[in-house]
Amino acid sequence: MISASDRGAVVRDPVLQDSFARQVEYLRISVTDRCDFRCVYCMAEDMQFLPRQQVLTLEEIETLARTFVSLGVKKIRLTGGEPLVRRGVVELCGRIAALPGLRELVMTTNGSQLTRYAKPLVDAGVKRLNISLDSLKADKFRQITRTGDLSQVLQGIDAARAAGFARIKLNAVVMKGRNDEEVLDLVDYAVEKGIDISFIEEMPLGAIAEHSRAEAFCSSAEVREMIATKYSLVESAESTHGPSRYWRIQGADDSRIGFISPHSHNFCATCNRVRLTAEGRLLLCLGNEHSADLKAVLRRHPGDEARLREAIEQAMQRKPWSHDFRVSDDVQVVRFMNMTGG
Ligand code: SAM
Ligand code: SF4
C-alpha cells in the first residue's frame with residue numbers, strides 16, 4: 001500500500017517477501033509451550049516442557065513482534081501452548097496491539113481462563129478470538145483434553161461473547177469414533193450463540209501413542225457431508241491464504257463454517273504466514289522443519305534490531321514452496337503442535 005508522508009512524498013509500506021514472491025503478512029507467535037490441558041492430538045500425557053531460560057521472555061517477544069511489523073507483518077496471532085497461562089500476556093497484548101502498522105492482533109485459546117481474561121484482552125486491543133471446543137459432553141471433553149472442565153470453557157465462551165470481540169470462532173478437531181458424531185451438535189451450538197466454527201483435520205505433528213491418527217482421520221469433505229444433512233451451505237469467497245475455507249449457512253447469518261484442511265496443499269501458493277515457537281525458532285512452513293533461530297540472534301546481539309531484521313529477511317529466502325502431509329501414523333514432523341504455535 002502507498003501512503004503520503006507529511007511532506008507529500010510517497011512512502012511505500014514495507015513488504016516482507018519470500019523467494020517465490022509470496023508476501024508474508026501474518027505471524028503466529030507461540031508465547032508458551034505450557035498448557036493446562038493435554039489434548040490427545042496435541043500432546044503426550046507426560047509432556048516435558050521447556051526450561052524457562054530457553055523460552056523467549058516477554059520483552060524478547062515484543063522486540064520480535066515490533067521487528068516483524070516494521071518489516072511488513074500486518075496480523076499477529078498469539079497462541080501456544082495455552083497463551084493465557086503465561087503471566088503478563090495481557091500486558092504483552094497491549095504493547096503488541098499498539099505497534100504502528102499492525103492491522104490486527106488476535107489470539108487462539110482453549111477458553112479455560114476466559115471468564116477472567118476476556119474483558120482485559122478486549123481492552124488490551126485483541127480483536128478476535130479462536131476458542132477450541134471439541135465436544136459438548138463433559139465426559140468426552142475430559143477424555144479428549146485429559147484435564148479440561150467443559151463448564152469452565154462454556155462459561156469462558158459466554159464471557160468472550162459479552163466482552164465485545166469483533167468476532168469469535170470455535171475450533172474443533174474431528175476424530176472418527178471420538179467426537180465425529182457431535183459435528184451437528186457443535187454447529188447447532190455455534191448457530192445458537194451466533195459465532196463461527198471451524199472443523200480441523202488432525203495433523204501428524206509429534207509422536208502420540210494415545211490413538212492412531214490414521215484410523216481417527218476424518219476429512220473436511222466428510223464433515224461437510226454430515227453438516228449438509230441438516231444445513232444448506234453456500235460456499236463463501238472468504239479465504240485466509242491458509243488451509244481454511246469458509247461456507248455460509250442459509251438462514252443463520254451470524255455464523256460461518258470453516259474447514260481447515262492441512263492435508264490439502266492447494267493453498268501453499270498463497271501462503272502468507274510464518275510461525276515463531278516459544279523458544280524463538282522461526283518456522284517457515286507448518287509441515288517442514290525449515291527454521292531460523294531468532295533467539296540466538298537476539299541474545300548474541302542484544303538491542304541490535306538491524307541484525308534481527310537481516311536474519312528475518314534471510315530466513316524468508318528459505319521458506320519452502322509447500323508441505324505434504326499424508327494420512328498415516330508415521331511421524332512426519334517431530335515437533336508437537338504446542339511447540340509449533342497452532
Ligand atoms: N491452547 C490453545 C488452543 O487449544 O486453542 C492454542 C494452541 S493449540 C496448539 C491451537 C489449535 O491447534 C487448537 O485449535 C488445537 O485444536 C489445534 N491442534 C493441536 N494439535 C493439533 C493436531 N495434531 N492437528 C490439528 N490441530 C491440532
Ligand atoms: Fe493445550 Fe491447545 Fe494443545 Fe489442547 S490443543 S493441549 S489446549 S495447546
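This is a predicted model: local features need pLDDT of at least 70, side-chain atom pairs count only at pLDDT 80 or more; totals for chains, interfaces and linings use all residues.

Which strands pair with β12? One of them is β3, made of residues 26–30, which runs alongside β12 in the parallel sense and is joined to it over four bridges. Within this pairing, Leu 27 is found opposite Val 274 of β12. Another is β13, made of residues 281–283, which pairs with β12 in the antiparallel sense over two bridges, and here Arg 275 has Leu 283 as its bridge partner. Strands β12 and β13 form a hairpin with four residues between them, and in this hairpin Gly 280 takes a positive phi near 85 degrees.

We can now turn to charged side chains. The whole structure holds 20 salt bridges, and one of them joins the side chains of Lys 119 and Asp 123, with a distance of 3.0 Å from N to O. Both residues belong to helix α3, which spans residues 114–124, and they are four residues apart, about one turn of the helix. Are these two partners buried or exposed? Lys 119 counts as partly exposed because its relative accessibility is 45%, while Asp 123 counts as exposed because its relative accessibility is 57%.

A further case is Glu 238, which forms a salt bridge with Arg 248, where the closest N and O atoms are 3.5 Å apart. This pair links distant parts of the chain, since Glu 238 lies in strand β9 (residues 233–239) and Arg 248 in strand β10 (residues 244–249), 10 residues apart. The side chain of Glu 238 also meets that of Arg 256 in a salt bridge, at 2.3 Å from N to O. Here too the pair links distant parts of the chain, with Arg 256 in strand β11 (residues 252–260) and Glu 238 in strand β9, 18 residues apart.

With a relative accessible area of 28%, Glu 238 is partly exposed, and Arg 248, at 35%, is partly exposed as well, whereas Arg 256 counts as buried because its relative accessibility is 10%.

Conventions. Residues are numbered from 1 along each chain as its sequence is written. Chains are lettered from A and ligands numbered from 1 in the order in which they are written. Side-chain values use heavy atoms; hydrogens and water are left out. Two strands pair if DSSP finds at least two bridges between them. A salt bridge is a side-chain nitrogen of Lys or Arg within 4 Å of a carboxyl oxygen of Asp or Glu. Buried means under 20% relative accessible area, exposed over 50%, partly exposed in between (1.4 Å probe, protein chains only).
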